[in-house]
Amino acid sequence: MWRYLFRRFLSMIFTVWVISLLVFAIIQLPPGDYVTTLVNQLVATSSGSTTISSEYIEQIRESYGFNQPIYVQYFKWIGKILTKGEFGYSFVYKRDAVVMITERLPMTFALSFSSFILVWVIALPIGIYSAVRQYSLGDYIFSFIGFIGVAVPNFLLALILLFVTYKYFDQAMIGLFSQEYASAPWSMAKLIDMLKHLWIPALILGLGGTAGLIRTMRANLLDELNKPYVETARSKGLSEARLLWKYPVRHAMNPFVSTIGWTLPGLISGDLIVSTVLNLPTSGPVLYNALRAQDMYVAAGFILMLTILTVIGTFVSDILLAVLDPRIRLQ
Amino acid sequence: MTINEIDRALADRASGDPASESDVRVEVATQWQLMWWKFRKHKLAMFGGALVLFFYLLAIFVEFFAPVNYTTYNEQYVYAPPQMIHFFREGKFGPYVYGYKFERDPVSFKKTWVIDESVIIPLRFLNRGDSYKFWGLFNANLHLVGPVNAEDPFYLLGADKSGRDVFSRIIYSARISLTVGLVGVFLSLTIGILVGGISGLVGGRVDNLIQRLIEILISIPNLPIMLALAAMVPLTWSTLSVYFMITIILSLLGWMGMARVVRSKFLALREEDFIMAAQLDGVPRVRMITKHMLPSFLSHIIASITLSIPGMILGETALSFLGLGLRPPVVSWGVMLQDTQKVAVLANSPWLLFPAVAVIIVVLALNFLGDGLRDAADPYQ
């Protein structure tokens, strides 16, 4: 077990390193370096009255190591993040990128996590029902909804939600808070208000994943139900409910845990676009604006943190799976 | 089955034994025939396949199927609502739509177009309308359907903010949106076969390294990276360059599944007797792959191609919808959906969501087709 954990941990560190290289490559993509953009920005906003001293420019260049080879720049960038938690400066928002990240990231994870829970809560009973009552009307209806869930892009669901709420309730469903709480400090009432709003975006976000999981659960449970041990248990006079819950369902549950690794990236990706449409206070809209304005340090910070937290989530799910299923840790 | 057995079965059939006739048919059929028979049983897949065929035909002949060109506009009919097409007038065949009139909204006092049932606009099938250069080769002006008087408004699915026909634009978009999927899948297939093939054939440490890399790439949420790459495409690039850049971005993040399929097939095939036999015969490696290995997993490749096109189409739609993908004047379903980002516009003209219906139908059809192909890919089971 510990060996497995250790191996898995090493591979996670390696993954994070590869991701940091990838994100650094993205920062390098726009033409000109960060300082040029920053200087242009400063010149534009100060309307020419103040000239920026070349010393100041040199100073920034020095601190980011722009005069040095690319690998030095990489180490300076990642070093600042690791040691000081500095992600750079946003010239669009005129703030430190790290402030924006700490502001928005928790909301992204609140949304993704609730969506994740919702996916499980919905997919599990439906998957069991569809397998036990195979080819029933309900099974067909759920299969149909499942297909739709795969084919409808989730931003479209968000658009339909906007349309319906705007048209019939006179107020577009935008944001996560009612007006009176939007800028209020955190309190119990605000939390409840948020939870009231959260479930709709969470549902939209989770539909695709739910559809996939229902199909997996159904297929797995059908496989289990045809195994001889079920027949044995039945012939020994176990009640149907007990028979179902005690063994086959537990077996069929495995993919729920093992698919976290690819459900999570999907949720994070989905959050970006759904939140941009619904203007939720998560990472989505900020990352989107940062990318459009080529505000690269903010964008890079968000992408880095989002991907790393996803990788950690996958790591945790792997540990859970190893705890649940001895076959994996003994491999 | 040996030649003798086939002979015997054929002899049985000649002697008039009806039971063995179908057996013989199955036993002497080629691999592709078997697949076709198995695929045919899958009704939903057949239906999906027909739809996909229809959409690609539409994409080939857009200029003919669209009533007007996608750039044709009429500033008079901004946000005109959809018209219903009626086929019979006074008991005779004579297609027509109703015209429009202005009306003031009783609440907002805004002027809007509504359908006016007192005005009749006659239509004609195989109508001469907007002229176009078919495939850029020769001039034509034939359209499947159009108004008899070219000035009459004809908006089957409504008009957009510049008074352009949404229906025609959806049809023109099919060409872009569907080929983005094809080109993207072709690119990711190339990468996938290359990487997966190396991984499966070489094996050992190289295989291990490639597999770890693929695992890493799959565990990263790809939309942020896709957005970042797409946002970097310079605004000054030509539409064609942007188009290819977007397909490259989509395929760069979508080849991993393909590589895994190819690798697992190579690994399984290495153990097969006929490959061993070919090896002992001294067949060169390239010939071994192209002549003996590739045909035996081609069907699986086709199935995974079909199942990965929807991802490409949805990816392009999402990027373009956010304004980071294809840009006007190029028209794709995602580009059209950009107009729906403003909720007030969407609320007053919900027909702007019709491009999404096209996306959903195509994605569903491709999924059904792919499911059927995957089931049929291994006909010997």
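## Contacts and domains of chain B

Two residues are in contact if their C-beta atoms, placed from the backbone, lie within 7 Å. By that criterion, 9 residues of domain 1 of chain B are in contact with 10 residues of domain 2 of chain B. On the side of domain 1 that touches domain 2, the residues divide into 5 nonpolar, 2 polar and 2 charged. Here Ala, Val, Leu, Ile, Met, Phe, Trp, Tyr, Cys and Pro count as nonpolar, Asp, Glu, Lys and Arg as charged, and the others, Gly among them, as polar.

Domain 1 of chain B covers 70–164 and domain 2 covers 170–376; such bounds come from an automatic or database domain assignment. The centres of the two domains, taken over C-alpha atoms, are separated by 37 Å.

## Model and numbering

This is a predicted model, in which local features need pLDDT of at least 70, side-chain atom pairs count only at pLDDT 80 or more, and totals for chains, interfaces and linings use all residues. Residues are numbered from 1 along each chain as its sequence is written, while chains are lettered from A and ligands numbered from 1 in the order in which they are written.

The predictor's confidence in each residue is given as pLDDT, from 0 to 100. Chain A has a mean pLDDT of 79, with 86% of its residues at 70 or more. Within chain A, helix H2 (residues 34–45) has the lowest confidence, at a mean of 66, and helix H9 (residues 228–235) the highest, at 87.

## Chain A overall

Chain A has 16 helices and 2 strands. Helices (H or I, at least four residues) and strands (E, at least two) are DSSP runs, numbered from the N terminus. Of the contacts in chain A with a separation of 6 or more, 72% are between residues 24 or more positions apart.

Of the 331 residues of chain A, 34% count as buried. A residue is buried if 20 or more other C-beta atoms lie within 10 Å of its own, exposed if 12 or fewer, and partly exposed in between, with C-beta atoms placed from the backbone.

## The interface between the chains

In the interface, 30 residues of chain B are in contact with 39 residues of chain A. On the side of chain B that touches chain A, two or more residues each come from helix H7 (204–219), helix H8 (222–231), H12, helix H14 (343–348) and helix H15 (354–376) of chain B. H8(B) gives the most, with 7 residues. This side of chain B divides into 25 nonpolar, 5 polar and no charged residues.

H15(B) is mostly covered, as 17 of its 23 residues are buried. The end C-alpha atoms of H15(B) are 33 Å apart, which agrees with the 33 Å that its 23 residues should span at 1.5 Å a residue. The expected span of a helix is 1.5 Å times one less than its number of residues. H6(A) has 15 residues and reaches 21 Å from its first C-alpha to its last, close to the expected 21 Å. The buried residues of H6(A) are Phe142(A), Gly146(A), Gly149(A) and Ala151(A); their cover includes H5 and helix H8 (188–225) of chain A together with H15 of chain B.

## Strand pairing in chain B

Two strands pair if DSSP finds at least two bridges between them. Strand E1 (residues 86–89) of chain B pairs with E2(B) in the antiparallel sense over 3 bridges, and Arg89(B) has Lys92(B) in E2(B) as its bridge partner. The hairpin of E1(B) and E2(B) has 2 residues between the strands, and Glu90(B) in this hairpin takes a positive phi near 50 degrees.

Strand E2 (residues 92–104) and strand E3 (residues 111–134) of chain B pair in the antiparallel sense over 9 bridges. Glu103(B) has Thr112(B) in E3(B) as its bridge partner. E3(B) also pairs with strand E4 (residues 138–147) of chain B, in the antiparallel sense over 8 bridges, and Arg128(B) stands opposite Leu142(B) in E4(B). The hairpin of E3(B) and E4(B) has 3 residues between the strands, and Trp135(B) in the turn has a positive phi of about 55 degrees.

## Backbone exceptions in loops

Most residues other than glycine have a negative phi, and most peptide bonds are trans. Tyr135(A) has a positive phi of about 65 degrees although it is not a glycine. Tyr135(A) lies in the loop between helix H5 (97–132) and helix H6 (137–151) of chain A and is exposed, with 9 other C-beta atoms within 10 Å. Asn279(A) also has a positive phi, near 55 degrees. Asn279(A) lies in the loop between helix H13 (260–278) and helix H14 (283–292) of chain A and counts as partly exposed, with 16 C-beta neighbours inside 10 Å.

In chain B, a cis peptide bond joins Pro328(B) and Pro329(B), with omega about 10 degrees. Pro329(B) is found in the loop between helix H12 (285–321) and helix H13 (333–337) of chain B.
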